[in-house]
Amino acid sequence: MLMKTASQSLTEQLSARFAERIRSRLLAPGARLPSVRLCAGQQGVSVSTVVAAYDQLQAQGLVVARRNRGFFVRDASFNAVLAPVHPAHVAAKTGASGALEAGAPETPPPLSSWSTATWMASRQAPVDATALIRGMFHKVSNKPQPGMGVFPPEWLETSFMPAAVRRVTSGSALREFSLSYGEPMGDSGLRRALSQKLSALNVHAVPEQIITSVGATHALDIVSRTLLRAGDCVMVEEPGWAVEFARLDALGMRILPVPRRADGPDLEVMAQYCALHSPKLFVSVSVFHNPTGYCLAPGSAHRVLQLANQHNFHIVEDDTYSHLAPEHATRLCALDGLQRTIYVSGFAKILAPGWRVGFMAAPPDLVERLLDTKLLGTLTTPSLLEKALAWCIDQGQLRRHAERIRTRLDAARARSVKLALAHGCSFAAEPAGLFGWVETGVDTDALAQRMLDEGYLIAPGALFHAVRKPSTLMRINFATTQEAAFWKVFARLRDGMT
C-alpha cells in the first residue's frame, strides 16, 4: 500500500512504481495497465491520483492511452508467429505420400500464398526475450521468488568449485592458458569428460563432435544461426521457453507452435506443418519439459524421428535439465545416434549460473559449420572455467552434487504440491522436475502485477506461448514455493479477483 511522505506524493510514488516495472520489463510491451478504478482500489488511493500518475507515465513516453480501452505499455514492435494448426480445426490429412488429401474445413494456406498485407495482419505483440530475462532476474524483494527459473543460491554453494578453480590456476597453468585464445572447439579435457558423461545417457559422441559454448542458450543460438536463414520456419513446442520463442523471432524466423502433450509433441500438428511449410528445424525439450515437466515417450520419439527423415529437418534437443533426470529417460539424440539431432545442454541450472559453460554434440557433417558460427560470435570460450569444470566432472564432484540437489528437490516438490493443493490450485501436468504447471482459475498476468506489490515474482502462463494471450496457468519453481507465506498471499489476492 502506498503511504504519503514528505519527499514524494502518492502520485509520484505510483508513477515511479509503474515506471520501474516497465523499464525492468516486469510489465511487458503491449501490456495493459489496470483500469483507473481497479488501480485505485488495489493501491488504496483516489481515482484522481491514479489518473495523474498515468498522465505522468504518458508524458515520459512509457505508456499510451487508447480511447475507451485504457493505458498500455508502449509497444512499437511485432512478432512473426504463425497461427498454430490444431487437429480440431484441420480436417485435411496427409497420406502416405505426404500430399494433402481433401477434408472439410479449410487448412491454413502455404506461406508462399500469403500476401504482405495478410502476413502483417497476422503479426501479434511480441514475447520479448529481455522481458523474461530481466523480469525473472529482477530483484523484487528478499522473499523466495516462485517465478525464478533457477535454484536458490544457497542450494548451489559448494566447496569443490573454488577448489577446482584454485587447482587449474596454480603454478604456471594460469599463465599458459591465459595468454592464448585456447582451443576453438573448447577445452579438450572438458570435451573428453563430456563425451564420457553423454555415453551414460546413451548419447554417443566422440570429443570431436562436441563444441563448448557460453551457456546452453548460446549453443541454441549457434545452431539457429548455422542452420537457418531469416524467413525459415521453425517448429517449437508450446507451451515452451519464452526466451526461445523471442530469440527465434529476433532472428527473423517464422515460428510454428507445436502443442506439447504428456507423451511428446502433437504429431498430427507436426505432420501438417511439415506438409504445409517445410520447416527447417524442430526445437524440443524431451526431458522435464519447461514449463510442464513432461518427459518424452519412446513411441512419440520414434515418430518424431520418422517425420524428420521424411521431411528433411533437423532437431535440436535442449537437455538443460539432464542433471535432474534419470539416465534412462528417452532422448531423441540417443535413438537417432546424432544423425539429424543436435544435443544441447549446460551447467548453469545445476552448478554455476555465473560460469556460463554449455555445449552441443552434433552430427560429424555439421561440426565445422557450427564451429565457424561459434568463432564468428565469440572466437573461443573461457579455458579457465572449462578446465575447472572438467576437473569437477572427472573427480565425481558434479555427480555427487547433482544427487544432493535431486534429493533436496524431491522434498521441496512434495511440500510445494501439498501447499498448492491446500490453497485451491490444481496441476495441469503431473508435478515433476524443477517446475510445476499450476492452474489458478484467474488471469495470471493480472495476478502477477498484484503479487509484485507483495514482493513476489510469478511466471504467468502467457509468457510460455508463442503469441502472448491470457492464461489462468502459472509456472512455479518447486525450490522456491515451499513456504506457506507465499501461498497465503497468493490465495488472498487470487480470491480478490474472483
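The following legends describe close-up views of a predicted model. Local features are reported at pLDDT of at least 70 and side-chain atom pairs at pLDDT 80 or more, whereas totals for chains, interfaces and linings use all residues. Residues are numbered from 1 along each chain as its sequence is written, and side-chain values use heavy atoms, without hydrogens and water.

View 1. Strands of a sheet pair through backbone hydrogen bonds, in either a parallel or an antiparallel manner. Here, the strand order is β11-β12-β14-β13, and the pairing is antiparallel. The edge strands, β11 (426-427) and β13 (459-460), each pair on one side only. Strands, like helices, are DSSP runs numbered from the N terminus: a strand is E with at least two residues, and a helix is H or I with at least four. Two strands are said to pair if DSSP finds at least two bridges between them. Strand β13 and strand β14 (residues 473-477) are joined over two bridges. The bridge partner of A459 in β14 is R475.

View 2. Most peptide bonds are trans. The bond that joins E238 and P239 is cis, with omega about 0 degrees. P239 lies in the loop between β4 (233-238) and α11 (242-250). The peptide bond from N290 to P291 is also cis, and its omega is near 20 degrees. P291 belongs to the loop between β7 (281-284) and α13 (298-311).

View 3. Most residues other than glycine have a negative phi. N68, which is not a glycine, has a positive phi of about 65 degrees. This residue, N68, is placed in the loop between β1 (63-66) and β2 (70-73). L338 is likewise not a glycine, and its phi is positive, near 55 degrees. The loop that holds L338 runs between α14 (332-336) and β9 (341-346). Are N68 and L338 buried or exposed? N68 is exposed, because its relative accessible area is 77%, while L338 is buried at 2%. The cut-offs are under 20% for buried, over 50% for exposed and in between for partly exposed, with a 1.4 Å probe and protein chains only.

View 4. A pair of aromatic rings is described by the distance of the centres and the angle of the planes. Rings of Phe, Tyr and Trp (its six-membered ring) pair if their centres lie within 6.5 Å; planes under 30 degrees apart are stacked, over 60 edge-to-face, and the rest tilted. By this rule, the count is 12 aromatic pairs. The pair of F427 and F478 is tilted because the ring planes stand at 35 degrees, with the centres 6.4 Å apart. F427 in strand β11 and F478 in the loop between β14 and α19 (484-497) are 51 residues apart, and the pair links distant parts of the chain. Both F427 and F478 are buried. The rings of F486 and W487 have centres 4.9 Å apart and planes at 70 degrees, so this pair is edge-to-face. F486 is buried at 3% relative accessible area, and W487 is buried at 0%. One aromatic cluster is formed by Y456, F486, W487 and F490.

**View 5. Arginine over an aromatic ring.** A charge sits over a ring if NZ of Lys or CZ of Arg is within 6 Å of the ring centre and within 35 degrees of the ring normal. R66 lies over the face of F72, 4.3 Å from the ring centre. R475 lies over the face of F435, 3.9 Å from the ring centre.

View 6. A salt bridge is a side-chain nitrogen of Lys or Arg within 4 Å of a carboxyl oxygen of Asp or Glu. This rule gives a count of 16 salt bridges. One of them joins D453 and R21, with the closest N and O atoms 2.4 Å apart. Because D453 lies in helix α18 (residues 444-453) and R21 in helix α1 (residues 10-23), the pair ties together parts that are 432 residues apart in sequence. D453 is partly exposed at 27% relative accessibility, whereas R21 is buried at 9%. R247 and E244 form another salt bridge, at 2.6 Å between the closest N and O atoms. Both R247 and E244 lie in helix α11, three residues apart, about one turn of the helix.
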